[in-house]
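Work through the following exercises with the model at hand. Each task is followed by a solution in steps.

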Amino acid sequence: MNLDNSKKLYEEAVNYLPGGVNSPVRAFKPYPFFVEKAKGSKLYDVDGNEYIDYCLGYGPILMGHANDKVVEASKMQLELGTDYGVPSQQEVELAKEVVKRVPCAEMVRFCNSGTEATMSAIRLARGITGRDKIIKFEGAYHGAHDTVLVKPGSGAAGLPDCPGIPEDAAKNTLLACFNDEESIRKLINENKDEIACIIVEPIMGNIGCIPPREGYLEFLREITEENGIIFIIDEVITGFRIAKGGAQEYYDVTPDLVTFGKILGGGFPIGAIAGKREFIEQFAPSGKIYQAGTFSGNPMSISAGLATMDILTDKFYKDMHDKGEYFRKGIEDVLGKLKINYQVTGVESMTEVYFTENEVIDYESVKNVDTKSFDKYFHTLLENGVFIAPSQYECIFLSSAHTTEDLDNTFDAMETALKKL
Ligand SMILES: *Cc1c(COP(=O)(O)O)cnc(C)c1O
């Protein structure tokens, strides 16, 4: 595979951008391919190579790249202005769509990213309860702000503590173990009446893909209720992906607050905090808890989001369900033929393959998987025109644009890659 143009661009990029990229997870060795354009399930690089894309912008691209309906809506909006600084009807319409779909959502505040959403949701929880401490899970990623960048997943998984985060900012972040009830009980007992919220990724999507054990989310709902703790489900990945109403509908557990990002903006930057009216109303200007943004509710993201909601029907989720099942069965068939220790995990259109013989249930159990094998596997897949995220700690995503032919070609590439291990 010829990558000369990417190599040249990378050598220039590192002089102007740290590591040559604008988000750490995008850098991989020896250098990433530079993209020229994307359409449907495919990415095309500057050397004319084509890749079936399972990274999908790390989650947002649920309907494939440059979806026709989203492109059309965005073009129309572009002509009408891109930043108003005053409210528009579309913001109300998208908020209504979120409220209609998502069980816990009675009211919505839009912002610009998942990071902003979790930052604001945690401030809201702290403001309402008058408590400072929060519980997050080891390996959970909730964006790149100080409070949650403590044992995070995604691009920071396994790295040492990030310099620049004041001890005072991190000391109020208590760490729990996913799928473990005892670790939550212990933290709550040791910090009685001091915990503002528990924030959880309902399916751990930033250390691959780890579903909750049966009853675990219900347990979190009950114990937070009993202790006056606000329960936040971070659906930045799962929202609008695994079901119309997200993971909370899928697992039938209703939190107090939910955070969204990724898919909601139809490929444009967005974030949102939603939940019980009595809580969301506490945001300024109806309440005292400050939350703001120049681009919040910007017309490009909102109009693309509305076009997206039009596409996300019950039938859409049924098709995605079938595709997810077909995908995992195909992968298991390939792996079953070879003598390799592996685990395939997944829910709906989220999947991961781990090179380990142990069951993966939390951060501890994935910390020691065979990442060397993963690297080899990743690079051979790439050479064979299949792009998955370059880290064992990211999820493999499917879009509605992936065809059966794409998936079958991917199984062949996987077989080639795995035989090399
Ligand atoms: C991606 C992600 C975030 C952060 O969203 P950004 O838009 O990158 O700031 C937060 N939470 C989860 C679960 C995510 O996967």
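A residue counts as near a molecule if one of its heavy atoms lies within 4 Å of it. The model is predicted, local features requiring pLDDT of at least 70 and side-chain atom pairs pLDDT 80 or more, whereas totals for chains, interfaces and linings use all residues. Residues are numbered from 1 along each chain as its sequence is written, and side-chain values use heavy atoms, without hydrogens and water.

**Exercise 1.** List the residues around the ligand and sort them by class.

Step 1. The shell consists of Ser113, Gly114, Thr115, Tyr141, His142, Gly143, Glu201, Asn206, Asp234, Val236, Ile237 and Lys262.

**Exercise 2.** Identify polar contacts of the ligand (pairs of N or O atoms within 3.5 Å).

Step 1. The side chain of Thr115 places an N or O atom 2.6 Å from a ligand oxygen.
Step 2. A polar side-chain atom of Lys262 is 2.7 Å from an oxygen atom of the ligand.
Step 3. At Tyr141, a polar backbone atom is 3.3 Å from a ligand nitrogen.
Step 4. Taken alone, the ligand exposes 380 Å², of which the protein buries 84% (Shrake-Rupley method, 1.4 Å probe).

**Exercise 3.** Which residue lies over the face of Tyr44?

Step 1. The criterion is NZ of Lys or CZ of Arg within 6 Å of the ring centre and within 35 degrees of the ring normal.
Step 2. Lys37 lies over Tyr44, 5.2 Å from the ring centre.

Notes. A polar contact is a pair of N or O atoms within 3.5 Å; within protein, one must be able to donate a hydrogen and the other to accept it, and residues adjacent in sequence count only if both atoms are side-chain atoms.
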